[in-house]
Amino acid sequence: MIPPDVRLYTWLDFEDALGQALESEKNWPGWFVDARAYWDGVTVRIRPGSGHDAKEWLRNVFDPRVAEPEPNLFTDLLIALESVNGTLRTLPVTLEETDEPAPAPRIAPTFARPALVQAGLQGPPKPEPFLTEGPLVFAFHSFKGGVGRTVHAIALAQALAEARNSVLLVDADLEAPGISWLLEGRLPNPPISFADFLALVHGDPEPSASDSIALVASRLQDSLLNGMYVLPAFRSPRMFPSLDIRPEHLLQGRKDPYSLVNLLFSLGQALGVAAIVVDLRAGLSELAAGLLLDPRAFRIFVTSLSGQSLRGTELVLELLAKRAPSSDDSHPLPIVVLNQVPADLRGSDVQTAVEEQLLSLVSSAVNKEVYAADVLRGPTWFDAALLTLPSSWDEALTAIRKSPVRETIQPLVHLVPSHKRPPALRVPEGSQDPLRQKLAETAGRLVFAEQGEGEDFLPISPLRRLSTDHRSTLPVSVVVGAKGAGKTFTYLQVVRRETWQAFVAAAGAERTSVDAVIFPVLQPKNVSGKATEVLDRARKSAVDALGLGSPLDSFKVQDTIQGWLKEKYHEGQWRENWLDLIAWAVGFRVEQRGAGRELSKELAAHERYLLLVFDGLEDLFQDVTTDSSQKVALRSLLQDVPNWLEQQPLRSIGILVFVRRDMVTATVLQNSGQLLARYQPYALRWDKVEALRLVAWIARRAGLFAEPPSVEEIRDMVEDDLTEALVPLWGRKLGNDRSREGRSAEWVVAALSDFLGQIQARDVVRLIHLAASKSGGNTQWTDRVLAPGAVRDAVADCSREKISEISQENPALKEIFKKLAALDAERKAVPFKREDVDLTPQELQLLELNGIAVSEGSSYYMAEIFRPGLEFRLPAGARPKVLALARRRQAAPA
């Protein structure tokens, strides 16, 4: 009889019913060889002389839908299909006798129905174990979208990276690639994608695809983000609809049915990672089958308590039991994560019943009894913040790090051996005054970078991104930073290294395959001392290495630009000017027009590479807001020159242009937002963690730690580690531990932040310098280097210096500051209303745009880093509100 859940509409339903009938018998009929169904008929191959038995068996299975064909029809049986209006639809069944053996079934991990009904299709063979040591493979799946699968995958990769394990994160969701969308702002032009990987290995004639693996691994060197190699689904949204090679295609033409996992394993080996984390497509998709049906992978199924999600997860586990059963103790157990569980269901009968059902299904999938502690994770309590992840990569990582998901995946992290954590920082016991003096001197030398003090530097996230994104190609980038963000200091650190390979290594990246001599084309006017020596040495080293001729000296370079600014050149002419000037500066065909276009060819012909570095543009273009010639010249340097260099077939020249943000917006009037977004990953922007790392780095340089950590260890420390490490520096709180004072690290960061969530490196360094100086002679606070009162007082001094510096660089804000300074003392209070301070709506908007003020209702608050410098007072109880607003902006998207 036809199974009750089958309706015979098409040949597919016939094939389904036939398969169920055959599987229900302990031994398949001896006459049966195989069967193949098409839309217009079915061919059943049988042994010679068994036609009568075959017909009887089929009549019994498909009763009452079997009809005898007309004598003139070349078929043996007709199967009546579902019809309407009395019109009979039939499917012809032809019996074909054969002595040939049934073809050996080629079994692949798949959810699809087989093309041929035959014996031996119960499941694929057990995969061979990996022959060599290599990464663990974690595959995250969910039957239903929106249950947190991608969040859990990212959380595991993030936690492994923070535990000092290298990891490859793969977006294998080729229909709704969530990870790839997050990367758009951080890595707008990925060098390689999962779709590329599939196409390359599919077309590789070698079973190991070793050449293709090497190519993908090489390109992934420029996709190392936050300690994770990230392989997006596609390189561009334009490629989404045109996926020509899919994961299941790898199995066609390959003898190895588990080639997908094996190839990913080989890629992980080539990268040297400890783990591979794959985010799969939701549902019963062939995009996911290659990993889900391979028992060597750690398969993690994420589900909520919704009926659809739970039933779908149960269905997937049932399919695993049928198509990929395993009792091999070397294979990891499938793991189920219960996510988005409402708090009121914690420990409820509903939760218990669900866990028992899932436990039973996992036991069936692995053919043995399992325990909840081994296969169930969670429940992860409902977290509304994760329903709408921030749209940017870095902000999403911050949200995930703070979420309960991190606790849920922690047992998975422990499966991968962790590297040793950095040593704890501590201040030696004894008198604090010698340490205070040393700290004050060290920080004092760092307040202004123009003297070029110090060989080492702290590579903050933007610099690590710059180095890791350009390990196989030279950078062509504009590095934007506000005054005080460390622009000139960073410029000098790049130049000091003299080669790109040396800078990449100093920034913490490894295995760069490209190198270039570094040549500083322009420099700030006020550099002096060791900085001048650094620049001169770098220029001589580059000129000697290139061997092009005697260069145009730096003074003549600036004089040439000043002369050109008197002419009315358009942007195309300025591009040629800049290219020629670059060539002349390095000694190539000095003062010959057209030299710039030939320089790239000359270098490529001799396999030489050059990285140009520019700083000090504010000195050359002081009137860029009003002078049209200066606007055109600078716009050409920021846009036309990088675009031209980037399009060179053999990129032998790279460029880094260090520039203030306000100069970009003043120069690139129409597309400044697009330009800033393009180079946003490399903008010198300091967040809370980077600021705390800077404090630890200064303390290290001052010799405050008995067992000083390396720069690399400080660079990799996370917020909790830093907060604890700096307790000996400024205490846990700005008071004793039982006081109601603010926690020191949080208070300092909030006090130095504007209302855009930005902190300037110079403010951090200056605060340390001033607080250490003011702490000298203090005998009350012997448990820390910086006395609480000195820290508070230092903020006010930092504020006054900051107001003075901003007034020098921003004329519009200077005028507003003058108006505020002229107010009567009683009107200088925070919060304030617009009419209290005699500012126009446009002037208040300018304060908000620069993070100086923020509106709360009809009142305005002023960031603490600006308030004392403008001599505004805070009434009792108002400071916590101001600092809370600053902390909120620190956590908000940029």
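**Entry 1: Arg784**

I looked up Arg784 and found it in the loop between helix H31 (761-775) and helix H32 (788-809). Helices here are DSSP runs of H or I with at least four residues, and strands are runs of E with at least two, numbered from the N terminus. The model is predicted: local features need pLDDT of at least 70 and side-chain atom pairs count only at pLDDT 80 or more, while totals for chains, interfaces and linings use all residues. Residues are numbered from 1 along each chain as its sequence is written, and side-chain values use heavy atoms, with hydrogens and water left out.

Is Arg784 buried or exposed? I noted a relative accessible area of 1%, so Arg784 is buried. Buried means under 20% relative accessible area, exposed over 50%, and partly exposed in between, with a 1.4 Å probe and protein chains only.

I then listed the contacts of Arg784, leaving aside neighbours within four places in sequence: Gln432, Arg436, Pro728, Leu729, Trp730, Gly731, Lys733, Leu734 and Gly735. Contact means heavy atoms within 4.5 Å. For Trp730, I found its backbone oxygen 3.4 Å from a polar atom of the Arg784 side chain.

**Entry 2: a sheet**

I traced an open sheet of 4 strands in the order E14-E17-E16-E15, with parallel pairing. At its edges are strand E14 (476-480) and strand E15 (517-522), each pairing on one side only. Two strands pair if DSSP finds at least two bridges between them. On average, neighbouring strands of this sheet are turned by 20° against each other, direction ignored.

I also checked strand E16 (residues 610-614) against strand E17 (residues 653-659); they run parallel and are joined by 5 bridges. Leu612 has Ile655 in E17 as its bridge partner.

**Entry 3: two helices**

I looked at helix H20 (residues 571-585) and helix H21 (residues 595-605), which pack at an angle of about 55° with their axes 7 Å apart. That angle makes H20 oblique to H21. Angles under 35 degrees count as roughly parallel, over 145 as roughly antiparallel, 65 to 115 as roughly perpendicular, and the rest as oblique.

From H20, the residues Arg575, Glu576, Leu579, Asp580, Ile582, Ala583 and Trp584 meet Ala595, Gly596, Arg597 and Leu599 in H21. I sorted the residues of this contact into 6 nonpolar, 1 polar and 4 charged. Ala, Val, Leu, Ile, Met, Phe, Trp, Tyr, Cys and Pro count as nonpolar, Asp, Glu, Lys and Arg as charged, and the others, Gly among them, as polar.

**Entry 4: the chain**

I counted 36 helices and 19 strands in the protein chain. Of its 894 residues, 55% count as buried.

Technical notes: Polar contact = N/O pair within 3.5 Å; in protein donor to acceptor, adjacent residues only side chain to side chain. Axes fitted to C-alpha atoms, helices over the stretch in contact; angles between N-to-C directions.
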